[in-house]
Amino acid sequence: MAKVLVADDDPGTVEFIRTLLAGEGHQVETAADGASALAKAKTFRPEVLITDLRMPGLTGNQLAAAVRGLDRLNYVFILVLTVSGEKADKMKALLSGADDFLVKPARPGELLGRLEVGLRLQKAESAARATAQRRSELGVVFKALASELDLIAIHLEAAGKAIGRPDPPAARRACNEAIEVAKRAAAVTRIRAAEPEPGAD
Amino acid sequence: MAPETPPSGPIDGAALARIRDAGGDDLVGRVIDLWLEGAPRYAERIRAGLARGDAREVACAAHALRGSALNLGALRVSAVTESVECAADRGDLATAASEERALGPALEGAAAALRGMRG
């Protein structure tokens, strides 16, 4: 089951798509214009957006571009469904952020097929983005860890030098500092290790 | 899926078969009702846009009516609205107005056929 947002100002087309997709178990929200669709996209967080091109307010292309800017982590598969099969319209839609283009009237089998392919792409893209995000976060953690380990090295070096001198309290202080820093480094790595991998659920 | 039938008359039976495939006769009835209710409003928007000299409104309303007509297989309505939309997109409202004159009869023909199918 997927969350699908349908944006079209023709109630008949909306009813056709809504019935078709709901019959396949998908959760469908609808909007009769681009601005309402964008507002619903923010709260409904669809996995798929099916949009007409020419609508009151925001056009389908403007809507696609706006939806692309909403959430960089959760990818939305955008299918343009319109009466125009002109190459220029297709190119403009794809450049605006659409993934696929279908000319009205859509056949049920073709629409469901495109949706299935779109959901595969959506899942793969979202997983790839989550992985990239996690890698980026891990990079920050490892940099912090490296700094702490540098400190450990400095303190231990100082401890080593102090041990050779007649000043045992100084050696103890350096060792204690090294132990504290090591504990912090361990805590940071433990917190990250406890977090689940993306897509592990 | 139902076999496609070549279009004859104001409504393309293949379009209705496509809707029937998606949701049965109940969906066909609902979509017809929505069209019978909405198509005159789009036609009125086209006429009002022409009267105001608003090419964008004419093109938008013609586009919407074209899409809804295609959905139901109202081919004549779709052809007329495409001509109106293209002319309005070019800013040629004189041609759009001339093309629009065929819209009334096309709508009446399609509506009568659809009401007949609705029973």
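**Close-up views of chain A and its contact with chain B**

View 1. The contact, meaning heavy atoms within 4.5 Å, takes 19 residues from chain A and 23 residues from chain B. The area buried between the two chains is about 1900 Å², and carbon and sulfur atoms give 60% of this. Buried area is the accessible area (1.4 Å probe) that two parts lose on being put together, summed over both. F16(A), R54(A) and V83(A) supply 34% of the area that chain A buries against chain B, more than any other three residues.

Residues are numbered from 1 along each chain as its sequence is written, and chains are lettered from A in the order in which they are written. In this predicted model local features need pLDDT of at least 70, side-chain atom pairs count only at pLDDT 80 or more, and totals for chains, interfaces and linings use all residues, while side-chain values use heavy atoms, with hydrogens and water left out.

**View 2. A salt bridge between R54(A) and D89(B).** The closest N and O atoms of this pair are 2.5 Å apart. Across the interface of chain A and chain B there are 3 salt bridges, each defined as a side-chain nitrogen of Lys or Arg within 4 Å of a carboxyl oxygen of Asp or Glu. On the side of chain A that touches chain B, helix α1 (residues 11-23) gives the most, with 8 residues. Helices (H or I, at least four residues) and strands (E, at least two) are DSSP runs, numbered from the N terminus.

**View 3. The open sheet of chain A.** Its 5 strands follow the order β2-β1-β3-β4-β5, with parallel pairing; two strands pair if DSSP finds at least two bridges between them. β2 (27-31) and β5 (100-103) of chain A stand at the edges with a single partner strand each, so one side of each is left without a neighbour in the sheet. Strand β4 (residues 77-82) of chain A is joined to β5(A) by 4 bridges, and L79(A) stands opposite D100(A) in β5(A).

**View 4. The loop between β5 and α5 of chain A.** P105(A) lies in this loop. The peptide bond joining K104(A) and P105(A) is cis, with omega about -5 degrees.

**View 5. R45(A) in the loop between α2 (34-44) and β3 of chain A.** Phi of R45(A) is near 50 degrees, a positive value in a residue other than glycine. Most residues other than glycine have a negative phi, and most peptide bonds are trans.
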